[in-house]
Amino acid sequence: MHGLLNAVMNLGRGLELSQVLRGIVEAAVELTDAEYGALGVIGEGQRLSQFLTVGIPDDSAARIGRPPRGRGILGELIRHPVPLRLTDLTRHPGSLRLPEHHPPMRSFLGVPIRVRDEVFGNLYLTEKRDGADFDADDEALLTTLAKAAGVAVDNARRYHDSRRREQWLEALGEIGRTLLAGTETRAVLSLIARRASELADADQAVVLLPSGPHGDRLTVETAHGPDAENLTGLSFPAHGSLAGQAARTGRAVAVADAENDPRVHPFGAGDGTDSYGPVVAVPLPLDAASCGALRLSRRSGRAAFDDTEVLLVSRFADQAALALELARRRAESGELAVLRERDRIARDLHDLAVQRLFATGMTLRSTTRTLGGADAVERVGRAVRDLDTTVEIIRTAIFELRSAGDDRGGAGLRRRMPEAVRLAARSLGFGPALRIEGPVDSTVPAEIAEQVLAVTAAALDGIARHTGATRADVVLAVPMTGDRLTLTVTDDGTVPPGHKSGDGPPGPRSHAERYGGTLTVESTADSGTRLTWRTQLPAD
């Protein structure tokens with residue numbers, strides 16, 4: 001009784017669950033003078049999810065192989081959670097043959113450990129020393145110890161849960177701070193995988209996002225754990241997979257044995273998937289239309305994810321997804337502020353600069369009636385024309401500012417045309433001059449924009465191969481009305497042999513005719529050539 005009291009007092013001091021469980025087995029072996037002791041934690045499907053042993057050396061345990069799952073005598077106590085005492089366990093009807101390298105065992109004593117009204121696991125003892133059998137006193141001692149163990153396990157689990165909730169809040173705070181600091185999304189997802197793995201005591205964590213033309217596949221966006229660098233970018237069909245089921249249904253899914261569940265999709269050779277046992281996948285909502293998944297795995301032989309852990313990881317994923325959504329909304333709010341600022345600048349340009357320039361031009365036009373010399377009239381006329389050109393340029397800038405972000409099909413010609421011209425410079429030997437006039441990005445549909453780029457590239461390629469030019473000018477113009485497009489490519493070379501004035505090269509001409517446009521090539525006043533493509537733009 002003195003030994004039992006010391007054992008109970010020692011169990012009450014422990015707070016770490018693993019430490020408490022091992023202390024229970026060690027106390028039971030010492031109290032009953034048993035040679036071997038074990039504690040089996042009951043998991044999903046009435047199977048042992050964890051099995052701690054005392055008395056069997058580590059090298060012997062390694063030779064024995066996989067821990068028992070809860071069959072035979074061990075399963076008898078799971079199915080009937082009452083004390084079981086046997087003189088020779090090999091004679092019991094439910095007994096199974098011991099695995100190879102397993103030490104011989106005959107005398108047996110087992111009692112259940114209850115935490116409140118739930119059977120947490122069972123305490124097993126075998127081989128009482130000196131060849132004796134376990135008696136009623138041993139059973140009474142072990143039963144009393146099991147009751148105290150239930151209280152100690154309950155306290156340890158409560159402490160463990162409180163620590164995990166504290167870590168959960170710390171992890172969410174870290175994710176929130178990282179997002180507010182403007183860290184890119186992939187780095188945040190990597191942080192989510194790492195912290196989720198730490199929270200759930202998992203060996204591997206993987207974040208999977210929907211991919212494919214219809215979102216019918218899942219791709220590893222980031223991973224944490226063994227071989228993580230080789231997992232990123234791997235994908236598999238979402239249908240029929242554990243992670244796909246979590247993403248599709250919006251509910252967590254957990255399995256105790258990945259090897260025997262076809263839904264646990266292997267990522268590929270060398271990823272170590274076959275060495276994992278317990279796996280849980282929880283949904284990771286990205287927005288209203290798409291959902292990814294967070295998948296956590298433990299090595300084979302470790303305890304399965306219990307209901308508390310699954311719930312904790314699910315809530316963590318929900319909060320992490322909410323943080324990502326808030327960050328996305330904040331980014332959209334910033335973009336909206338930029339658009340508003342552009343609109344304000346455009347309005348100020350129109351109300352202040354354009355109106356004043358227009359008024360100045362009107363004043364100069366009226367002044368020409370009072371001027372006496374033709375030279376003065378010509379100079380004023382040039383100034384008025386320059387003002388008109390300036391007003392047109394500013395109006396174009398205003399239109400582009402107000403239509404920024406308009407994705408009606410604009411192909412970003414202001415950004416893509418310079419690249420096309422730079423590429424042509426390699427074969428020309430010089431850099432063509434480029435001028436873009438009017439609201440090209442907001443009025444030119446994507447399919448016509450592609451033809452503009454094709455005609456430009458073909459025209460410049462023709463200049464490089466046929467005309468021997470040393471200068472080329474490219475002008476792309478769209479009037480403020482946005483009803484037509486004109487592309488002009490001028491050089492100082494000659495018309496290619498075999499082409500009459502008015503004809504265009506076959507390549508550019510076919511692109512032009514595809515949209516009902518006209519393409520001409522003519523000689524210029526300085527003995528050069530000018531290619532002109534005109535086409536109508538569709539109305540909104």
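View 1. T529 has its place in strand 16 (residues 529–536); helices (H or I, at least four residues) and strands (E, at least two) are DSSP runs, numbered from the N terminus. The model is predicted: local features need pLDDT of at least 70, side-chain atom pairs count only at pLDDT 80 or more, and totals for chains, interfaces and linings use all residues. Residues are numbered from 1 along each chain as its sequence is written, and side-chain values use heavy atoms, with hydrogens and water left out. T529 is buried, with a relative accessible area of 5%. Buried means under 20% relative accessible area, exposed over 50%, and partly exposed in between (1.4 Å probe, protein chains only). The side chains of T529 and D491 are joined by a polar contact of 2.4 Å. Such a contact is a pair of N or O atoms within 3.5 Å; within protein, one must be able to donate a hydrogen and the other to accept it, and residues adjacent in sequence count only if both atoms are side-chain atoms.

View 2. Searching the whole structure gives two aromatic pairs. Rings of Phe, Tyr and Trp (its six-membered ring) pair if their centres lie within 6.5 Å; planes under 30 degrees apart count as stacked, over 60 as edge-to-face and the rest as tilted. The ring centres of F51 and Y124 are 6.3 Å apart and the planes stand at 35°, so this pair is tilted. F51 belongs to strand 2 (residues 48–54) and Y124 to strand 5 (residues 118–128), so the pair ties together parts that are 73 residues apart in sequence. F51 is partly exposed at 22% relative accessibility, whereas Y124 is buried at 4%. The rings of F108 and Y124 have centres 6.2 Å apart and planes at 35°, so this pair is tilted. It links distant parts of the chain, with F108 in strand 4 (residues 108–115) and Y124 in strand 5, 16 residues apart. Both F108 and Y124 are buried. F51, F108 and Y124 form one cluster.

**View 3. Strand 10 and the strands paired with it.** In strand 10 (residues 276–285), nine of the ten residues are buried. Two strands pair if DSSP finds at least two bridges between them. Strand 9 (residues 253–255) is joined to strand 10 by three bridges, and the two run antiparallel. Strand 10 and strand 11 (residues 291–299) also run antiparallel, joined by eight bridges. A281 in strand 10 is the bridge partner of V253, and the partner of A281 in strand 11 is R295.

**View 4. R298 and the ring of F305.** The charged end of R298 sits over the ring of F305, 4.1 Å from the ring centre. The criterion is NZ of Lys or CZ of Arg within 6 Å of the ring centre and within 35 degrees of the ring normal.

View 5. Helix 6 (residues 185–199) has 15 residues and reaches 21 Å from its first C-alpha to its last, close to the expected 21 Å. The expected span is 1.5 Å times one less than the number of residues. Buried residues of helix 6 include V188, L191, I192, R195 and L199. D201, which follows helix 6, has a positive phi near 55°.

**View 6. R356 in helix 9.** R356 lies in helix 9 (residues 307–367) and is exposed, with a relative accessible area of 63%. The C-alpha atoms of R356 and V391 are separated by 9.8 Å, and the two residues are 35 apart along the chain.
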